[in-house]
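I opened this notebook page to record what I looked up, entry by entry, with the cut-offs written beside the terms.

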Amino acid sequence: MLVHIKDLVKKTEKGKYALGAFNTFNLEITLGIVKGAMEAQAPIIIQISETTLNYAGVKAITHIVKTIAKNQANNIPIALHLDHGKSFSAVMECVKAGFSSIMIDASNLPFDENITVTQKSVQYAHRHGVWAQGELGKIVKEKKEIEHLVQHPEKFLTDPDQAQEFVKKTKIDALAVSVGNVHGVYKLEHKAPVLDLKRLAEIGKKVDVPLVLHGASKIPADSLKKAIKLGVRIINIDTETRHAFKQSLLQSLKKRGEYDPRKFLSPTIDAVAKVIKEKIIMFGSAGKV
Ligand SMILES: [Zn+2]
């Protein structure tokens, strides 16, 4: 069933665990996410990025998630969230489509402009009873950026004092932080990202909103557990789900002479579900429905 994100996040504070926020792109990945969550009996966030809205269309992808949440997820609470909204129009579109949470990511802008852009989306979301997540510090993705991050972390990582000011001025409900976490596939082939837990602890002390850890694929369980203790309440997983989907599909496509897409797409559902269940157990949200 679809619920408001605030109801899910509220419970994480008492239980000291984190919600998994999983990206979907299509029917099979959505079914896989829900299957994994049902097996683990966990509340989850299903998120759709602005690039996926452009790929699938807001109505099509939203209806897939809503219909599965209502009909197949039984009593598993699911919150629908816009991931990395870059434009105000995407924020409006998702609020109108019934999302209970949006993200406005203006982290590529200078600090004061990030505040201004974020404020506008937060005000709009709040007028409609929707939660808003902002991002401060840059969560990098490309190989070159990651190498740059290693050499000059201060250019990318969230500054605790700025975080305090950012939350106060924008009135966001959740803050995405950059503490060594990175997006994308680079980390699959290279070393797992190392979290700056000291910085995370300082941020946690300075702000009173839940912290969101993006790019958490491949981060080891013990680091994630420490991050949860320091105030991370939402953990985003995308790369590892994509990887599981792709590997499953490649395997199925090896069978020559198979022309039924259902035959090679259905194993991807189980492959995705397996990753989701593992992550949920790692985040401590299993059995928390
Ligand atoms: Zn992200």
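**Two loop residues**

I began with Lys 171, which I found in the loop between α8 (160-170) and β6; helices here are DSSP runs of H or I of at least four residues and strands are runs of E of at least two, numbered from the N terminus. The model is a predicted one, in which local features need pLDDT of at least 70 and side-chain atom pairs count only at pLDDT 80 or more, while totals for chains, interfaces and linings use all residues. Residues are numbered from 1 along each chain as its sequence is written.

I noted that Lys 171 has a positive phi of about 65° although it is not a glycine. I then looked up its surroundings: Lys 171 counts as partly exposed because it has 15 C-beta neighbours inside 10 Å. The scale I used, with C-beta atoms placed from the backbone, calls a residue buried if 20 or more other C-beta atoms lie within 10 Å of its own, exposed if 12 or fewer do, and partly exposed in between.

Asn 74 is not a glycine either, and its phi is positive at about 45°. With 12 C-beta neighbours inside 10 Å, Asn 74 counts as exposed.

I looked up Ile 203, which is found in helix α10 (residues 197-206). Ile 203 counts as buried, with 29 C-beta neighbours inside 10 Å. Leaving aside neighbours within four places in sequence, Ile 203 is in contact (C-beta atoms, placed from the backbone, within 7 Å) with Thr 158, Pro 160, Ala 163, Val 177 and Leu 211. I also checked Ile 203 against Leu 27, 176 residues apart along the chain, and their C-alpha atoms are separated by 37 Å.

Val 117 has its place in helix α6 (residues 111-127). Val 117 is buried, with 20 other C-beta atoms within 10 Å. Not counting residues up to four places away in sequence, Val 117 touches Ile 104, Ala 106 and Leu 109. Val 117 and Asp 105 are twelve residues apart in sequence, and I noted 8.8 Å from C-alpha to C-alpha.

**Helix packing**

Two packed helices are described by the angle between their axes and the distance between the axes. The axes are lines fitted to C-alpha atoms, for helices over the stretch in contact, and the angles run from 0 to 180 degrees between N-to-C directions.

How do the axes of α2 and α4 cross? The axes of helix α2 (residues 27-40) and helix α4 (residues 58-71) come within 10 Å and cross at roughly 30°. That makes α2 roughly parallel to α4, since angles under 35 degrees count as roughly parallel, over 145 as roughly antiparallel, 65 to 115 as roughly perpendicular and the rest as oblique. In this contact Leu 27, Thr 30, Leu 31 and Val 34 of α2 meet Ile 64, Val 65 and Ile 68 of α4.

The axes of α2 and helix α13 (residues 261-283) come within 7 Å and cross at roughly 45°. The helices α2 and α13 are therefore oblique to each other. Among the residues making this contact are Ile 29, Gly 32 and Ile 33 of α2 and Ile 269, Val 272 and Ile 276 of α13.

Last, I recorded that helix α12 (residues 239-253) packs with α13 at an angle of about 145°, their axes 8 Å apart. The contact includes Ala 244, Phe 245 and Ser 248 of α12 and Phe 264, Thr 268 and Ala 271 of α13.

Methods:
Two residues are in contact if their C-beta atoms, placed from the backbone, lie within 7 Å.
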